[in-house]
Amino acid sequence: MLLHKPYGVLSQFRREPGSSWESLASLVAQPGVYAAGRLDADSEGLLILTANGALQHRLTDPRWGHWRYYWVQVEGSADQAAIEKLQLGIQLKDGISRPARARLLQPNEYEQLPARLPPIRQRLTVPTSWIELGLQEGRNRQVRRMSAAVGLPTLRLIRVGIDLMDGADLLNLEGLAVGKWRPVTAEEEQRLQRLAN
């Protein structure tokens, strides 16, 4: 199934003791499924939930290099120089990142996004901008660390697509309201089954 994970929800079905974050169990009452990959509680967007362990491994093992796409609202004015640095790869504490696919987003692309609850912090004297970042790896808080390394701290992070690397369209959030899920279509099921096999 595909889920549009909201802000404030862990990518697991068990709540952490003493944590204020919700778990996926508050959104999905389907036993026996697990997130194939994860999004931090303070991130939003597309999660694939599956009971297929082989598929889960295939989607999360960096050896397979599935592109995952994120729309990132950052503090500051993103420019082409920052985009080019992201495209080359960024030196992080745990090594240099793989080259990313990065581009500036235009207002007509992100203006239709639903507002985040709670809203992001706003500073009247500091502009914000949006970038799209495509990654083939999923290190801990990688998008946030990469954007900070080019002087653009992340304010909001949404995974908008996952590439199954089969030449067809990305799995995406189209038609999925925040906090809602849907079963995969028959075509998506076939694509995921081929991937698992």
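Student: Why is Tyr7 called partly exposed?
Tutor: Its relative accessible area is 23%. Buried means under 20% and exposed means over 50%, so 23% puts Tyr7 in between, as partly exposed. Keep in mind that this is a predicted model.

Student: And what makes Trp21 partly exposed?
Tutor: Trp21 comes out at 30% relative accessibility. That value also falls between the 20% and 50% cut-offs, so Trp21 counts as partly exposed.

Student: How many aromatic pairs are there?
Tutor: Three, by the ring-centre rule. In one of them, the centres of Tyr7 and Trp21 are 5.8 Å apart and the planes make 80 degrees. The centres are within 6.5 Å, so the rings pair, and the angle is over 60 degrees, so the pair is edge-to-face.

Student: What makes that pair a link between distant parts of the chain?
Tutor: Tyr7 and Trp21 are 14 residues apart. Both sit in the loop between strand S1 (2–5) and strand S2 (34–35).

Student: Why is the pair of Trp67 and Tyr69 called stacked?
Tutor: The angle between their planes is 25 degrees and the centres are 6.4 Å apart. That distance is within 6.5 Å and that angle is under 30 degrees, so the pair counts as stacked. Both Trp67 and Tyr69 are buried.

Student: How do you know that a charge sits over Tyr7?
Tutor: The charged end of Arg116 is 4.0 Å from the centre of the Tyr7 ring. The distance part of the test asks for within 6 Å, so 4.0 Å passes. Arg101 does likewise with Trp67, lying over its face at 3.8 Å from the ring centre.

Student: Why is Ser23 called buried?
Tutor: Ser23 has 5% relative accessibility, which is under 20%, so it is buried. Ser23 is in the loop between S1 and S2. A polar atom of its side chain lies 3.4 Å from the backbone oxygen of Phe13.

Student: Which residues have the most contacts inside the largest nonpolar core?
Tutor: Leu49 and Leu86, in a core of 29 residues. At least two of its residues come from each of strand S3 (44–50), strand S4 (68–75), helix H2 (80–88), strand S8 (128–135) and helix H4 (142–149). Another core lies apart from it, with 22 residues, including Leu59, Tyr69, Val184 and Ala196. In soluble globular proteins, nonpolar side chains tend to be buried together.

Student: Which residues of H2 are buried?
Tutor: Ala82, Ile83 and Leu86 are buried in H2. They span an arc of only 100 degrees around the axis, so they are on the same side of H2. What covers them includes S7, S8 and H4.

Student: How do you know that the buried residues of helix H5 (residues 186–196) share a side?
Tutor: The buried residues there are Glu188, Arg191, Leu192, Leu195 and Ala196. Their arc around the axis is only 140 degrees, which puts them on the same side of H5. Ala186, Glu187, Gln190 and Arg194 are exposed on the other side.

Student: What makes the peptide bond from Leu117 to Pro118 stand out?
Tutor: That bond is cis, with omega near -5 degrees. Most peptide bonds are trans, and most residues other than glycine have a negative phi. Pro118 is placed in the loop between helix H3 (107–110) and S8.

Student: Then what is the phi of Arg141?
Tutor: Arg141 has a positive phi of about 50 degrees, although it is not a glycine. Arg141 is in the loop between S8 and H4. Met165 has a positive phi too, near 60 degrees, and is likewise not a glycine. Met165 lies in the loop between strand S9 (154–162) and S10.

Student: Buried, exposed or partly exposed: which is Met165?
Tutor: Met165 is at 40% relative accessibility, so it counts as partly exposed.

Terms used
Residues numbered from 1 in each chain as written. Predicted model: local features only at pLDDT ≥ 70, side-chain atom pairs only at ≥ 80, totals over all residues. Heavy atoms only, no water. Phe/Tyr/Trp six-rings, centres within 6.5 Å; stacked < 30°, edge-to-face > 60°. Helix = DSSP H or I, 4+ residues; strand = E, 2+ residues; numbered from the N terminus. Buried < 20%, exposed > 50% of the residue type's maximum accessible area, 1.4 Å probe, protein only. Lys NZ or Arg CZ within 6 Å of the ring centre and 35° of its normal. Core = buried A, V, L, I, M, F, W, Y, C linked by side-chain atoms within 4.5 Å. Arc of directions from axis to C-beta. Contact = heavy atoms within 4.5 Å. Polar contact = N/O pair within 3.5 Å; in protein donor to acceptor, adjacent residues only side chain to side chain.
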